[in-house]
Amino acid sequence: MSDFNEEPVPGSDSDGFPVPTATLPDPAAVREEMLKIYPSKTLKKRSKQMLVNDPSAPPEIGANTRTVPGIITQRGCTYAGCRGVVIGPIHDILHITHGPIGCGYYSWLTRRNLAQQRPDQPINFLQYAMSTDMMESEIIFGGEKKLAAAIREAYEIFKPKAIAVYATCPVGLIGDDIHSVCREAKKELGINVFGFSCEGYKGVSQSAGHHIANNGVFKHMVGLLDEPDPEPFRINVLGEYNIGGDAWAIDTLLKKCGIHVTATLSGDVTYDQICKCHTADLNVVMCHRSINYMAEMMETKYGVPWIKVNFIGAEQSAKSLRKIAAYFQDKQLTDRVEEVIAQEMAELRPVIADVKTRCEGKTAAMFVGGSRAHHYQHLFKDIGMLTVAAGYEFAHRDDYEGRDVLPSIKIDADSRNIEELEVEADPEKFQARKTPEQLAALEAGGFSFKDYEGMMREMRKETLIIDDISHHEIEKLIELYKPDIIGSGIKDKFVIEKFGVPCKQLHSYDYGGPYAAFTGAANFYKEVDRMINTKVWQLVTPSWKKPADPAHTFGRGIDNPANKAIRELIAGQAKVKKPAKAAPAADAPCGE
Ligand code: SF4
């Protein structure tokens with residue numbers, strides 16, 4: 001029994017997971033099948049990144065390690081994580097990418113972070129993509145002058161409150177000092193100008209960029225405005241980027257309950273909102289991976305505690321609202337939250353009942369993000385669908401196994417590349433939000449702060465967990481599991497669909513959304529229903545069902561019988577035969 005289902009759910013197993021209508025393969029055998037193609041060194045590495053789940057004692061997973069060269073990964077670069085994910089959605093500051101124009105792809109918000117102009121702030125710069133467009137001469141003689149000129153020019157045209165500058169790989173390689181250029185510009189223009197050394201090579205994935213972005217936002221924005229919003233129950237929503245309007249759906253829901261959002265980091269947020277976010281009473285964290293650093297630093301410096309929430313999925317939204325209300329220990333707020341949950345669930349139940357008639361017992365797999373592959377499982381579960389395999393692109397071990405493994409995570413050379421800020425309590429601005437007695441009462445009632453149990457503890461036993469999945473592994477997964485839908489990113493979306501499986505793009509939502517909160521959940525259920533049950537997939541013949549065409553050696557992937565020689569070469573079973581040296585032609589000139 002729950003808000004969600006008025007009666008115990010039929011079609012669930014003893015642990016409450018949906019029962020699939022199809023027989024599932026043995027996950028250990030699937031894992032072996034995926035791994036067997038790899039040469040020994042790669043096999044050793046990938047073995048640690050592919051596990052069969054045990055939620056009661058999650059096995060240690062290899063995560064946040066370098067992708068093996070040659071494997072087709074879905075990861076992005078550090079610059080993409082910093083500029084593209086965390087800071088890019090701040091819509092009233094200018095973002096200038098210092099680098100060649102190619103990197104500028106990520107300077108145009110491809111993730112569909114939506115933003116609205118405010119009546120008092122009629123500015124939205126999100127549609128602009130700004131790059132210094134470094135050319136050969138700047139690579140040879142340095143690009144600092146060009147950057148200074150670009151900042152000046154951008155300021156003259158737009159007169160923004162702040163300008164952020166992002167260094168890409170070539171900038172780091174030639175040693176341009178973007179920070180001194182920013183300091184000079186700050187003095188000259190009288191606005192906040194700051195830089196991010198987020199060169200693409202700084203880390204193993206976009207995750208390093210998230211950390212760099214957190215550090216920069218904390219150093220250069222948070223704490224600049226001390227006037228709190230007048231509303232009670234003030235929170236910040238961290239790690240919510242307003243893809244397809246998710247932050248708006250969450251904000252609307254919170255407003256109905258009487259909870260005020262000071263700032264969302266960083267979906268549809270203004271510079272001023274971020275500058276005063278340290279005045280909120282509580283931080284609630286959506287995407288743990290991309291922003292847990294900020295939550296920790298704000299707690300240490302300003303005394304703002306944080307809790308993990310999830311507004312993806314109806315049950316999870318209700319749980320998150322109750323957790324926020326419990327934190328404030330206010331009877332009126334708690335009652336209002338219960339009323340809102342009851343109203344929202346009353347509207348949602350008929351949608352779920354209808355969608356379930358067509359989706360119950362179907363299966364999903366998800367390989368995306370640092371939290372999304374976890375969060376979206378709840379939406380599938382709501383409509384009776386089982387997630388049979390999942391993994392992240394750029395997560396760390398704690399996102400899989402829970403934060404209690406943090407002390408055992410080894411810091412490697414790649415992680416050491418990223419600055420760890422030394423943060424202390426601010427002598428003037430630190431303010432404990434709860435008395436020790438209030439904290440003790442909350443914890444005695446089962447309330448937990450800064451906890452995240454990770455994805456594996458919430459997944460069914462015997463599901464397959466794959467970190468940084470490759471295209472080869474996705475192909476095998478489709479062949480052996482035959483999932484009804486896969487949630488993934490743009491880099492593999494069309495690979496998946498060519499195999500006759502619908503793919504819900506969970507980075508930018510294709511053209512859909514919002515999917516957060518109760519209203520968003522309804523959108524997701526209906527869309528998944530349409531995607532899975534359309535007949536178009538019956539018209540696609542997966543490549544493994546087609547006869548091999550020896551004329552196209554790569555036509556059916558590495559398993560193609562025609563690719564035997566390549567397989568043997570990769571597996572180290574064959575040696576490259578050097579071509580026999582041809583005897584020099586009698587009339588060849590000397591030395592040829
Ligand atoms: S990896 Fe480097 S060169 Fe490539 S897009 Fe990222 S910053 Fe630019």
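This is a predicted model: local features need pLDDT of at least 70, side-chain atom pairs count only at pLDDT 80 or more; totals for chains, interfaces and linings use all residues.
Good morning. The largest nonpolar core has 147 residues, and the members that touch the most others are Ile-163, Ile-274, Met-294 and Ala-365. Helix H13, residues 331-359, supplies the largest share of this core, namely eight residues. Taking Met-294 as an example, and leaving aside its neighbours within four places in sequence, we find contacts to Asn-214, Val-217, Phe-218, Leu-238 and Leu-265.

One of those contact partners, Leu-265, also has a backbone feature to report. A cis peptide bond, with omega about 0°, joins Leu-265 to Ser-266. Ser-266 belongs to strand S7, residues 260-266.

Let me turn to strand S11, residues 386-391. Is this strand enclosed or open? Six of its six residues are buried, so S11 is largely enclosed by the rest of the structure. Strand S10, residues 363-367, runs parallel to S11 and is joined to it by five bridges; within this pair, Thr-363 stands opposite Leu-386. Together with helix H14, residues 372-382, S10 and S11 form a right-handed β-α-β unit. S11 also pairs with strand S12, residues 464-466, again in the parallel sense, over two bridges. There, Ala-389 has Leu-464 of S12 as its bridge partner.

Helix H18, residues 471-481, belongs in this part of the account. Its buried residues are Glu-473, Ile-474, Glu-475, Lys-476, Leu-477, Ile-478 and Tyr-481. What do they pack against? Their partners are S10, S11 and S12, together with helix H1 (27-35) and helix H19 (490-498). After H18 comes Lys-482, with a positive phi near 50°.

A further sheet is open and contains four strands in the order S3-S2-S4-S5, with parallel pairing. Its edges are strand S3 (130-131) and strand S5 (192-196), each of which pairs on one side only. Strand S4, residues 162-167, is parallel to S5 and connected to it by five bridges. Tyr-166, for instance, has Phe-196 in S5 as its bridge partner.

Next, the ligand. Which residues surround it? They are Cys-77, Tyr-79, Gly-99, Cys-103, Thr-168, Cys-169, Glu-199 and Gly-200. By class, this shell comprises four nonpolar residues, three polar and one charged.

I will close with the loops and their backbone geometry. As background, most residues other than glycine have a negative phi, and most peptide bonds are trans. Asp-133, although not a glycine, has a positive phi of about 50°. Asp-133 lies in the loop between S3 and helix H4 (136-141), and it counts as partly exposed because it has 16 C-beta neighbours inside 10 Å. Glu-462 likewise has a positive phi, near 75°. Its place is the loop between helix H17 (436-444) and S12, and with 14 C-beta neighbours inside 10 Å Glu-462 is also partly exposed.

The peptide bond from Gly-513 to Pro-514 is cis, with omega near -5°. Pro-514 sits in the loop between strand S14 (503-505) and helix H20 (517-533).

Finally, Ser-56 is located in the loop between strand S1 (50-52) and helix H3 (78-87). Is Ser-56 buried or exposed? Ser-56 is exposed, because 8 other C-beta atoms lie within 10 Å, where the cut-off for exposure is 12 or fewer. From Ser-56 to Ile-72 the separation is 16 residues in sequence and 32 Å in space, C-alpha to C-alpha. Thank you.

Methods:
Residues are numbered from 1 along each chain as its sequence is written. A nonpolar core is a set of buried Ala, Val, Leu, Ile, Met, Phe, Trp, Tyr and Cys residues joined through C-beta atoms within 7 Å. A residue is buried if 20 or more other C-beta atoms lie within 10 Å of its own, exposed if 12 or fewer, and partly exposed in between; C-beta atoms are placed from the backbone. Two residues are in contact if their C-beta atoms, placed from the backbone, lie within 7 Å. Two strands pair if DSSP finds at least two bridges between them. A crossover is right-handed if, with the strands pointing away from the viewer, the path from the first strand over the helix to the second runs clockwise. A residue is near a molecule or strand if its C-beta atom, placed from the backbone, lies within 6 Å of it. Ala, Val, Leu, Ile, Met, Phe, Trp, Tyr, Cys and Pro count as nonpolar, Asp, Glu, Lys and Arg as charged, and the others, Gly among them, as polar.
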